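Thanks for coming. I will take a few minutes to walk through one model, so please have the sequence and the picture in view.

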Amino acid sequence: MLRQRLIQTLRTRGGSATGPSRWTSPGHEEQPKGYLFNRTPLPPGQSRKWEDWELPCYVTSFLTIVILGVGLNAKPDLTIETWAHQKALERLEIEQAGLPAESE
């Protein structure tokens, strides 16, 4: 039922209800193989080769996580609650010292 709805929407998005569309194609196989990303497993003892985009993508992702982790932990606390807490502590110190309180 869901498949029929999807097929109908794909057909109408292509611009015509009949004939092949440039946006959708029937594909090369009748049914998927059942493997992750439709890749057949390699023979035993053989390792998968990396594609050209994988190393830069992984390095960039790792560096992004490190930079965000360090940067977000090192940023100053500029919330209104922290500022009000500091002001309240300053006023308490002034009161305990016996000096006249400033009016702002």
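Reading from the N terminus, the elements of the protein chain run α-α-α. This is a predicted model, and its secondary structure comes to three helices and zero strands.

Take helix H3, which covers residues 80-97. H3 has 18 residues and spans 26 Å from its first C-alpha to its last, close to the 26 Å expected at 1.5 Å a residue. What comes just after H3? Glycine 98 does, with a positive phi of about 85 degrees.

Next, the surface. How many of the residues count as buried? Of the 104 residues in the protein chain, 1% do. The accessible surface of the chain is about 10,600 Å², and carbon and sulfur atoms account for 60% of that.

Now the aromatic rings. Searching the whole structure gives one aromatic pair. Tryptophan 50 and tyrosine 58 form the pair, with ring centres 5.5 Å apart. Why is the pair called edge-to-face? The planes of the two rings stand at 80 degrees, and edge-to-face applies to planes over 60 degrees apart.

Are these two residues buried or exposed? Tryptophan 50 has a relative accessible area of 51%, so it counts as exposed, the cut-off being over 50%. Tyrosine 58 has 40% relative accessibility and therefore counts as partly exposed.

To recap: the chain has three helices and zero strands, 1% of its residues are buried, and the search finds one aromatic pair.

Note on methods
Residues numbered from 1 in each chain as written. Predicted model: local features only at pLDDT ≥ 70, side-chain atom pairs only at ≥ 80, totals over all residues. Heavy atoms only, no water. Helix = DSSP H or I, 4+ residues; strand = E, 2+ residues; numbered from the N terminus. Expected span 1.5 Å × (residues − 1). Buried < 20%, exposed > 50% of the residue type's maximum accessible area, 1.4 Å probe, protein only. Areas by Shrake-Rupley, 256 points an atom, 1.4 Å probe, with all protein chains shown as cover. Phe/Tyr/Trp six-rings, centres within 6.5 Å; stacked < 30°, edge-to-face > 60°.
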